[in-house]
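Okay, everyone, can you see the screen?

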Amino acid sequence: MTDAIPQLLSHDEAALDQAFATLEAQVRAEAATLTTAEAQENFRLHWLGRKQGRLKLISEAWLKSAPAEARKPLGIRFNQLKQQIEQALEVQAGAPKTAVAGIDITLPGLVREPGIEHPLLKAMHEIVAVFHNLGYSTNLGPQVETDFYNFEALNFPPNHPARDTQDTLLVADQQKKPSRDRLLMRTHTSPVQIRTMVAQAPPVRIVIPGKVHRNDAADATHSPIFHQVEGLCVDTNITFSDLKGTLDHAMKALFGSAVKTRFFPSFFPFTEPSADVQISCIFCGGKGCRKCKHSGWIELLGCGMVDPAVFAAVTSERRKTDPADDAYNPEKISGFAFGMGVERIAMIQHGISDIGHFYSGDMRFLEQFA
Ligand code: DAH
């Protein structure tokens, strides 16, 4: 590369043209040899470097000795030269650099792996999709909930022992508030049933995927933060048979058409009657194995017919804005609800034995779902 600072012998137009033509020729010659990224960078530093760049040094030297009237024509020419250098760099940056000495084109390229859905989100989306195909839509709600939505409106009165089944994480310093406004981390997605019905008259067909929190110690099957998908259907003439048919279809869609379902009496404050749903063991086909504790069945979700007390709580909320509201009169409408744990379903689908794998971020685990 040319390093010496050329002399500028005169400042008339012809001398300036001549001097800059020489510099431009140098730039052109050097630019033609830029085949590697390293050479390009050296070229850039050599000409445009902020302290020792050639353009800087030459313009300093030439402008200093120039009479006032030559400054402008000099400035214009330096700008043009700078543009020429920048253009040369742009052209080189866009040019393919193949088969050039110093580059081994037989080396493997840098592979950018496509991202995949996390197995938990994948299971959650699969569950939601089954219900979307039945005409359900999705609703979401807050993770920090009030006592009213998480418990009271769902027919867990204050101090009722049913609250003990949900090891609740309470937000601190709420004692001064009325009990219905106290904040907590939602223990289930069921509060969004209430939020939906307060906002919308029947017919309602919604699924509610989301994160829930409980004061549970982490072990192979428990985590203080986990995920649920809730469902709610309210309309005229909804019966327990509709509930059974819907969930039987959903389980077959998720686990294969050979899967059978059965319903056991259970208790939830917000449904009456309530049931636990079991599916025939997908590992042994119902014969009995270690995974199903030799029963042939795996318990998967809770469900039931919406309790009239829940409709009553919804109605009193709705009457705050419309005193004549009668949309959720249990004499006219009925509904069913269900709730399932996403981790549990994903663990059964993929034979995963430790819930902790979902949260560890271990690529060896996650890559298996690519
Ligand atoms: N919310 C219940 C829980 O977290 C699950 C559940 C059971 C939801 C029955 C429902 C239902 O909607 O009908 O344990």
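So, start at the ligand: one of its oxygen atoms sits 2.9 Å from an N or O atom in the side chain of Gln228. That's a polar contact, meaning a pair of N or O atoms within 3.5 Å; inside protein, one atom must be able to donate a hydrogen and the other to accept it, and residues adjacent in sequence count only if both atoms are side-chain atoms. How much of the ligand's accessible area does the protein cover? On its own the ligand has 350 Å², and the protein covers 92% of that. Those areas come from the Shrake-Rupley method with a 1.4 Å probe, and for residues only the protein chains shown count as cover.

In total, 15 residues surround the ligand, and the closest are His188, Ser190, Arg214, Gln228 and Glu230. To be counted as near, a residue needs a heavy atom within 4 Å of the molecule.

Quick word on what you're looking at. This is a predicted model, where local features need pLDDT of at least 70 and side-chain atom pairs count only at pLDDT 80 or more, while totals for chains, interfaces and linings use all residues. Residues are numbered from 1 along each chain as its sequence is written, and side-chain values use heavy atoms, leaving out hydrogens and water.

Next, Thr187, in the loop between strand 3 (183-185) and helix 7. Helices here are DSSP runs of H or I with at least four residues, strands are runs of E with at least two, and numbering goes from the N terminus. Is Thr187 buried or exposed? It counts as buried because its relative accessibility is 0%. The cut-offs are under 20% for buried, over 50% for exposed and partly exposed in between, with a 1.4 Å probe and protein chains only. Leaving out residues up to four places away in sequence, Thr187 touches several others, including Arg214 and Gln228. Touching means heavy atoms within 4.5 Å.

Helix 7 itself runs over residues 191-199, and its buried residues are Pro191, Val192, Gln193, Ile194, Thr196 and Met197. They pack against a number of elements, among them helix 6 (147-150), strand 4 (204-213) and strand 5 (225-235).

Now zoom out. The protein is split into domain 1 (13-94) and domain 2 (119-369), with bounds from an automatic or database domain assignment. Their centres, taken over C-alpha atoms, are 70 Å apart. Gly102 is in the loop between helix 4 (68-94) and helix 5 (119-132), and it counts as exposed because its relative accessibility is 84%. Over in helix 4 you'll find Glu86, which is partly exposed at 33%.

Last, the database record. An unreviewed UniProt entry puts "domain: Aminoacyl-transfer RNA synthetases class-II family profile" at residues 130-348. Positions there are in the numbering used here, feature names are shortened, and annotations may be inferred rather than shown by experiment. That stretch is 23% helix and 30% strand. The unreviewed entry also has a "binding site" annotation on Glu272. Glu272 lies in strand 7 (residues 271-280), is partly exposed at 49%, and touches Met305 and Asp307, not counting residues up to four places away in sequence.
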